[in-house]
Amino acid sequence: MKHLHFDKYHRIKQLIRQLFKNLYYLANTDLSDKFYETKDGAVEDSFYEFEQNKRLLKSLSVLSQEDSLSKLESFPKSFVRFGDGEIDIIQGKDCPFQSYDPVLSSRLLEILSSDRNDIYIGINRSYFQSAFGFIERNHRFYREHNTEYRRFFVSNCNSDVQYLDACCFGAYLRYEESFDYERHYQRLRNLINGRNIALVAGYGIIEKLEYQFFDVASDIIRINAPCINAFDEYDQLLSNIQNEVPINYLVCIILGQTATVLAADLAEKGYLAWDMGHIAKEYDAYRRGMDKSKENLDKFWAPD
């Protein structure tokens with residue numbers, strides 16, 4: 001009996017010693033740095049397991065940035081995009097531009113898993129590729145989240161669909177300085193050069209930018225919407241577009257998670273509609289040579 005009490009006392013001492021050892025470690029370690037280092041190490045390990053993993057793990061067909069833009073250039077269809085914000089809404093979470101809405105969540109999941117001929121579906125290819133070549137902020141983000149978000153896409157996407165890269169419009173706040181930003185933005189502006197477009201965006205967002213991405217369009221119809229929680233006014237917004245925009249205009253949408261559903265619904269009504277994400281703000285940041293400091297990046301990604 002005494003022996004049992006001694007063993008129990010000894011075990012408690014070991015646990016207390018381990019607890020203080022762990023607390024000391026936590027006090028002197030940035031866990032985000034440690035997680036980042038661990039993920040980089042895991043990538044190195046996977047290099048040696050690649051061939052076997054490729055056969056065992058389910059994947060999806062996601063075009064590169066270059067090939068995604070080629071599709072929009074040569075075979076234009078409406079374009080809807082899914083990234084971490086859309087995943088959050090589907091999973092019942094709020095995000096900076098949109099509070100959780102069950103109807104929006106259901107619509108997003110419905111579109112993501114569909115196989116429609118009238119739209120391209122974009123998912124973030126960065127969850128399926130190396131994080132090297134991205135700026136440090138993005139490198140860290142994908143190291144921390146790519147497993148979780150990749151598994152979400154693999155579980156909810158249609159394996160028969162060829163997806164575009166949801167981030168194919170992005171560059172300046174995505175890649176390191178070796179990337180040819182000028183060539184990229186010229187290529188994007190060629191997509192709308194001389195075209196009649198409708199620009200759907202939050203109130204005042206476009207007007208305050210110093211450099212205008214869409215100024216090469218032949219004609220621009222502006223459709224204003226709320227900067228935050230635009231889905232709350234979705235029916236009115238869709239009605240405004242149908243009443244004010246000719247069917248042969250390209251509809252360019254900058255409206256957070258609402259843009260995904262809006263582009264899909266407009267495609268059903270015969271419009272060519274593209275969810276263009278942050279392209280207007282990013283082009284302006286590129287032309288201004290915005291420093292990619294943490295402060296500037298936090299401000300950029302915050303709601304306007």
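Which residue in E4 stands opposite Val62? The residue is Tyr163, in a predicted model where local features need pLDDT of at least 70, side-chain atom pairs count only at pLDDT 80 or more, and totals for chains, interfaces and linings use all residues. Residues are numbered from 1 along each chain as its sequence is written, and side-chain values use heavy atoms, with hydrogens and water left out.

Helices (H or I, at least four residues) and strands (E, at least two) are DSSP runs numbered from the N terminus, and two strands pair if DSSP finds at least two bridges between them. Strand E4 (residues 162-165) takes part in the pairings below.

| Strand paired with E4 | Sense | Bridges |
|---|---|---|
| E1 (residues 61-62) | parallel | 2 bridges |
| E3 (residues 119-123) | parallel | 2 bridges |

Ile123 has Asp165 as its bridge partner in E4. Together with helix H7 (residues 136-156), E3 and E4 form a right-handed β-α-β unit, where right-handed means that, with the strands pointing away from the viewer, the path from the first strand over the helix to the second runs clockwise.

Phe214 lies in the loop between strand E5 (196-202) and strand E6 (219-225). Phe214 counts as buried (under 20% relative accessible area, with a 1.4 Å probe and protein chains only) because its relative accessible area is 2%.

How values were computed. Buried means under 20% relative accessible area, exposed over 50%, partly exposed in between (1.4 Å probe, protein chains only).
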